[in-house]
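Open the model in your viewer and keep the selection panel at hand. This tour goes from stop to stop and says what to pick next.

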Amino acid sequence: MAELFDTHCHLSDLDFDQDRDAVLERMHSNGVTRCAVIGYDVASSKQALLFAERTPGVFCAVGIHPEHADTATPETLSELQKMASNSAVRAIGEIGIDLHWESNPSLEIQQNACVQQLEMASILSLPVCFHVRDAQMEMLRLLKEHKRILTGGIMHCFSGSWEVAKEYLKLGFYISFAGPVTFKKAPKLQEAARNVPLDRLLIETDSPYMAPEPVRGRRNEPGNVRYVCEKIAELRGMTYEELAERTTGNACRLFRV
Ligand code: NI
């Protein structure tokens, strides 16, 4: 069976406390042999690391999400940096800019937290997992201004157009697609998924969020990344096995697995 790599999930979250072992079993029975569990603040980063350390095939990222950017202090950042020296940590993230909710920290606070974590990634030579929502231009501007310290990484749950994807590709990033690419009314996203070069394409669930068709609306889980693989293979006129092999190869290269 073709092996899949879910490059972004939150399997150590409370949502999975009741049945995490069953979720892992379904993940494996769907051919998903590896996944990356992504932190979004200090506590979730710790959980992700503990889980990755004791679970074969599970890797993790530590970082502070833009929604929690106001918690990025010298103390929390140094705590993250300490965690990141563990070999289960393969990336810094998720970090970025999110201007979707008015209640989010100000753009300036988000930019500062993002730049400080980019610097950390650069010191540690780790790739970065980016979360960008309603802020593609702001994110591109920040990345272009800090080109010197970029270490590569993933535009997670990509939600932009092919035009925007091309800009991120020029900066050396991978583009990762989640459930929304399977939705019926997603022509722009599907255009991007058709065009991203095969050596820069990744797939993910972002579970428990973003469940793909045909399980849309339910709690998502890593095993469902196969639906994302199926859809993109169909969009590109490739077989499921070919797309699985290419995206898993890319993920292994990026996370140094
Ligand atoms: Ni996430």
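Two strands count as paired here if DSSP finds at least two bridges between them. Helices (H or I, at least four residues) and strands (E, at least two) are DSSP runs, numbered from the N terminus. The model is predicted: local features need pLDDT of at least 70, side-chain atom pairs count only at pLDDT 80 or more, and totals for chains, interfaces and linings use all residues. Residues are numbered from 1 along each chain as its sequence is written, and side-chain values use heavy atoms, with hydrogens and water left out.

**Stop 1: the sheet**

Show the cartoon and colour the strands. Eight of them form an open sheet, in the order β1-β2-β3-β4-β5-β6-β7-β8, with parallel pairing. Now pick the edges, β1 (4-9) and β8 (201-203): each has a single partner strand, so one side of each lacks a neighbour in the sheet. On average, neighbouring strands are turned by 30° against each other, direction ignored. Axes are lines fitted to C-alpha atoms, for helices over the stretch in contact, and angles run from 0 to 180 degrees between N-to-C directions.

Next, select residues 107-124. This is helix α4, which packs on the sheet and touches β4 (89-98) and β5 (128-133). Its direction makes about 160° with that of β4. Contact means heavy atoms within 4.5 Å.

**Stop 2**

Start with β1 and β2, which run parallel and are joined by four bridges. Select Asp-6; its bridge partner in β2 is Cys-35. Strand β2 (residues 32-38) is mostly covered, with five of its seven residues buried. Buried means under 20% relative accessible area, exposed over 50%, and partly exposed in between (1.4 Å probe, protein chains only).

Move to β3 (residues 58-62). It pairs with β4 in the parallel sense over three bridges, and Ala-61 stands opposite Ala-91 in β4. How many residues of β4 are buried? The count is 10 of the 10, so β4 is largely enclosed by the rest of the structure. On to β5: six bridges pair it with β4, again in the parallel sense. Here Gly-93 has Cys-129 as its bridge partner.

**Stop 3: Ala-91**

Centre on Ala-91, in strand β4. Its relative accessible area is 2%, so it is buried. Leaving out residues up to four places away in sequence, Ala-91 touches Cys-60, Ala-61, Val-62, Leu-126, Pro-127 and Phe-255. Now draw a distance to Gly-153, 62 residues away along the chain: the C-alpha atoms are 8.0 Å apart.

**Stop 4**

Select residues 153-155 and 174-177. These are β6 and β7, which run parallel and are joined by two bridges. Met-155 stands opposite Ile-175 in β7.

Then show the aromatic side chains; the whole structure holds five aromatic pairs. Rings of Phe, Tyr and Trp (its six-membered ring) pair if their centres lie within 6.5 Å; planes under 30 degrees apart count as stacked, over 60 as edge-to-face and the rest as tilted.

Pick Phe-158 and Tyr-168. Their ring centres are 6.2 Å apart and the planes stand at 90°, so this pair is edge-to-face. Phe-158 lies in the loop between β6 and α6 (162-170) and Tyr-168 in helix α6, so the pair ties together parts that are 10 residues apart in sequence. Is Phe-158 buried or exposed? At 4% relative accessible area, Phe-158 is buried. Phe-177 sits in strand β7, 19 residues from Phe-158.

**Stop 5: the cores**

A nonpolar core is a set of buried Ala, Val, Leu, Ile, Met, Phe, Trp, Tyr and Cys residues joined through side-chain atoms within 4.5 Å. The largest has 76 residues; those touching the most other members are Leu-11, Leu-118, Phe-130, Leu-143, Phe-158, Tyr-168 and Phe-177. A second, separate core has 14 residues, among them Phe-5, Phe-59, Ala-91 and Cys-129. Finish with Phe-5, Phe-59 and Phe-255, which ring pairs link into a cluster.
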